[in-house]
Amino acid sequence: MSKVHKVVSGDTLGAIAIKYLGSFNKWHDIVLANPQLTGRKTAIDGSPLIFPGDILVIPVKEKMPAGVTTTVEIADGEQDVAIVIGGKKFVGFTGYELNLSFDSLDTFSFSAPYDNALKDLQEAIEPFSFKSCEIYYQGALVFNGRLLTPDPKLEDVSSEITLQGYPLCGVLNDCNVPPAKYPAQYKGLTVKQIADELAQAYSVEVGIQGNAGASFEKVTCEPSESILSFLTKLLKQRNLLFTNDEKGSLLFFTAKEQKAAMSFIEGEAPLLSITPKFNAQGFYSHLTGFTKTDKENDSLSYTFKNKYLINKGVMRYKSMIIDDAKTQSDLEKAVNTQAGKMFADCVSYELTCEGHILIDNRLCKKGLCVCVKAPKAMIRRETNFIARNIKMIRTGDQKTTQLSLVLPGSYTGKIPEVMPWE
């Protein structure tokens with residue numbers, strides 16, 4: 001873990017080392033963490049000169065997570081990521097992927113050379129044990145999760161092991177409702193209440209930020225449906241998204257408008273590449289939703305109009321039945337949600353930048369809003385995007401961050417009147 005110090009008049013490396021690290025001589029550690037100081041003139045004590053305005057990374061030694069008794073270095077890789085399994089913290093991975101998702105669940109994948117002498121690791125990663133674990137980045141908890149089956153790879157001269165897993169609530173995406181709970185029918189309950197009842201069987205907690213919306217008159221989870229796929233259908237009808245929190249719990253929330261936290265410009269660091277991904281066949285001029293017709297009620301209808309296509313004279317129609325929508329207001333919300341999803345699925349960009357994106361020296365929050373201008377990638381005007389996924393990757397000594405970007409209206413329902421390429 002580390003902190004950042006902005007140098008002011010009168011600061012010396014020795015004084016800063018005493019303040020943060022408790023010892024004058026630990027200015028050497030600060031120099032190692034700040035390669036920009038290399039080659040500078042030195043003070044009498046041998047430390048490089050620093051000047052007001054300098055930004056210094058202070059390598060504060062992280063505290064051992066609660067309950068951890070042993071640290072096991074499984075390779076000589078950096079110790080920026082760690083996984084705690086059964087009270088033991090494993091560090092030194094030579095490569096990793098941390099995938100932080102705004103509208104899905106997080107995942108992790110850590111790789112390292114596999115040494116048979118590491119008995120601690122062998123015991124920790126026994127296949128099909130689904131052991132609980134904790135994922136850390138620079139000493140900060142990313143999420144509590146489950147370790148899935150390890151992926152060993154044996155070659156002539158070397159072997160490698162990959163640890164992978166997901167948050168505690170990931171089991172809801174794999175599994176169905178236990179037989180004892182069938183028929184899984186729910187009447188007069190909100191999506192939060194339904195989720196609480198379904199998740200209880202797997203000891204998963206469910207949280208919500210905002211309003212759960214109206215209760216459902218009657219819904220049924222079919223035996224073949226996973227719990228999360230069933231809940232996802234209900235969430236769409238209430239304009240809610242899901243992800244996981246740091247505890248590994250399932251979290252429901254409503255997207256909110258936000259300002260861009262950073263900018264990327266074509267040809268300027270740290271942007272490495274950006275690739276548009278367009279889906280023409282899933283893009284419609286009119287999305288029409290209908291309610292179900294029964295003996296007592298006529299069907300209601302509502303149409304979302306995509307002005308971008310209509311203004312070009314392009315007519316492409318899509319119709320759907322909206323389950324459980326009883327009022328015109330419910331129907332409009334559901335159709336507008338589907339329209340937002342259409343834009344997310346049809347207009348997206350994959351952005352890769354050098355290094356890891358950190359804000360205030362910590363992992364950026366899910367749903368990061370960024371401003372991008374990249375004419376060669378058909379983003380001809382400065383446009384704000386939401387990072388649907390943030391994937392932090394290290395391969396050997398190279399660190400990159402990949403962002404899957406969608407238009408903010410994909411979640412807020414406010415579709416832009418001008419597209420990025422116009």
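Me: How many cavities of 30 Å³ or more does the rule give?
Reply: Heads-up, this is a predicted model, where local features need pLDDT of at least 70 and side-chain atom pairs count only at pLDDT 80 or more, while totals for chains, interfaces and linings use all residues. A cavity is a set of points, on a 1 Å grid over the protein atoms alone, where a 1.4 Å probe fits but cannot get out. Grid points are joined across faces, edges and corners, and a volume is the space filled by probe spheres set on the points. With the threshold at 30 Å³ or more, the count is 1.

Me: What is the volume of the largest cavity?
Reply: Its lining (residues with an atom within 4 Å of a point) includes Ile125, Phe128, Leu147 and Pro150. By class that's 7 nonpolar, 2 polar and 1 charged residues, where Ala, Val, Leu, Ile, Met, Phe, Trp, Tyr, Cys and Pro count as nonpolar, Asp, Glu, Lys and Arg as charged, and the others, Gly among them, as polar. The space inside the largest cavity is about 40 Å³.

Me: Which strand gives the most to the lining of the largest pocket?
Reply: A pocket is an open set of points with protein on both sides within 12 Å along at least five of seven lines, and the largest one holds about 930 Å³. It has 30 lining residues, and the closest to its centre are Leu363, Cys364, Lys365, Lys366 and Gly367. S9 (140-147), S15, S16 (250-253) and S24 (362-363) each supply at least two lining residues; strands here are DSSP E runs of at least two residues and helices H or I runs of at least four, numbered from the N terminus. With 3 residues, the top contributor is S9.

Me: How many charged residues are in the lining of the largest pocket?
Reply: The lining splits by class into 14 nonpolar and 7 polar residues, plus the charged ones. That charged count is 9.

Me: What distance does helix H8 reach from its first C-alpha to its last?
Reply: H8 covers residues 328-346, which is 19 residues. The expected span is 1.5 Å times one less than the number of residues. The helix comes out close to that expectation, at 27 Å.

Me: Which residue's backbone oxygen does the side chain of threonine 383 reach?
Reply: Threonine 383 is in strand S26 and is buried at 6% relative accessible area (buried is under 20%, exposed over 50%, partly exposed in between, with a 1.4 Å probe and protein chains only). Beyond four places in sequence, it touches Val370, Cys371, Val372, Leu407 and Pro420, contact meaning heavy atoms within 4.5 Å. Side-chain values use heavy atoms, with hydrogens and water left out, and residues are numbered from 1 along each chain as its sequence is written. At 2.9 Å, the side chain reaches the backbone oxygen of arginine 381.

Me: What is the phi of methionine 378?
Reply: Most residues other than glycine have a negative phi. Methionine 378 sits in the loop between S25 (369-374) and S26 (379-395), partly exposed at 31% relative accessibility. Its phi is positive, about 65 degrees.

Me: What is the omega of the bond joining alanine 269 and proline 270?
Reply: Proline 270 belongs to the loop between S17 (262-265) and S18 (271-278). Most peptide bonds are trans. The bond joining alanine 269 and proline 270 is cis, with omega about 10 degrees.

Conventions:
Polar contact = N/O pair within 3.5 Å; in protein donor to acceptor, adjacent residues only side chain to side chain.
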